[in-house]
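Welcome, and thanks for taking a look at this one with us.

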Amino acid sequence: MITGLDHVVALVRDIGAAKAAYQTLLGRAPAWQNSGEGADRVLFTLANMTMELMAPNGFSVAADRMRALLDDQEGVLASLCFRVADMRKMHRRLERVALKPDPVAEVESSDAESGAVLHWKRTRAATELTRGVRMFFLELADERPLSPATDIAPIDALDHVVITTEDSDRAAALYGARLGLDLALDRSHQDWGQLMFFRCGDLVVEVVRRPVAGGDSLHDRLWGLSWRVADIDATRARLIAAGLDVSDVRNGRKPGTRVMTVRTGTCGTQTVLLERSSKPVD
């Protein structure tokens, strides 16, 4: 039923600052911008998904709810939205697996810059039944425009979204049995805990249980994003030149990958860049 990850929503305090930060990070211009329903939005659309930045605007119930979720943070990952091919069938499945979906809504959005219009169908599962991770499901009538590169060595796509859990069995049942994502990897290690990879289009939903006691066993957390790049050394040099604090490049846990951490300029989102390469770090 699910064909991919359509977009990830990050709530931010300042939409202008967040837009500038992600244009620097991604090396790409926004693809879509609009305001309404208590929020300002900026969307960056890459090869396999969209990053939606959303900031509260005004003093509506929706805007106040966003401010409460932000609390005193610069930004926070707020929700996942999965792409589906047939909303009617997806809604029926969500009802069958007891995720209590909202009625399907017909949604329209217009881009503030071009005036272009997009239409889609959307539903949301009950958050108390998705272990605290807000999940939407969307059938888009037409594809969004892509974000053009504005600098060298841009980020190309999302490699994986990371969710932390304290109950890997129930998380596996949610993402695998109930949502129907394919479990591609289930691996445990005494140092970094348990990793589960669920395929979602050409990216991965990574569910991690870390070896730390005392967490919330009932609620999972949207934790971070890992972006895919073609040349990690060139992207690192670009980000350093832009004034961002980044780590050295290191070999990833997955053979044939090289990774680095971006410590600033992400609006508070844990961020890793990944290159698929056979070239090892010295």
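Where does Thr 269 lie? In this predicted model, Thr 269 sits in the loop that runs between strand S15 (257-262) and strand S16 (270-276).

**A loop threonine**
- Thr 269 has a relative accessible area of 5%, so it counts as buried, the cut-off being under 20%.
- Setting aside residues up to four places away in sequence, Thr 269 touches Tyr 22, Leu 77, Gly 224 and Leu 225.

**The nonpolar cores**
- The largest nonpolar core holds 58 residues, and those with the most contacts inside it are Met 51, Phe 82, Phe 137, Tyr 175, Leu 179, Val 205 and Trp 227.
- Helix H1 (residues 15-26) gives the most to this core, contributing six residues.
- A second, separate core is made of nine residues, among them Trp 32, Leu 118, Trp 120 and Leu 140.
- Back in the largest core, Tyr 175 is one of the residues with the most contacts; leaving out neighbours within four places in sequence, Tyr 175 is in contact with residues including Val 133, Met 135, Ile 163, Phe 198, Val 205 and Asp 220.

- Asp 71 is not a glycine, yet it has a positive phi of about 55 degrees; you will find Asp 71 in the loop between helix H2 (61-70) and strand S5 (75-84).
- Ala 153, also not a glycine, has a positive phi of about 50 degrees, and its place is in the loop between strand S8 (134-140) and strand S9 (157-164).
- Ala 153 counts as buried because its relative accessibility is 18%, and the cut-off for buried is under 20%.

Conventions: Residues are numbered from 1 along each chain as its sequence is written. This is a predicted model: local features need pLDDT of at least 70, side-chain atom pairs count only at pLDDT 80 or more; totals for chains, interfaces and linings use all residues. Side-chain values use heavy atoms; hydrogens and water are left out. Helices (H or I, at least four residues) and strands (E, at least two) are DSSP runs, numbered from the N terminus. Buried means under 20% relative accessible area, exposed over 50%, partly exposed in between (1.4 Å probe, protein chains only). Contact means heavy atoms within 4.5 Å. A nonpolar core is a set of buried Ala, Val, Leu, Ile, Met, Phe, Trp, Tyr and Cys residues joined through side-chain atoms within 4.5 Å.
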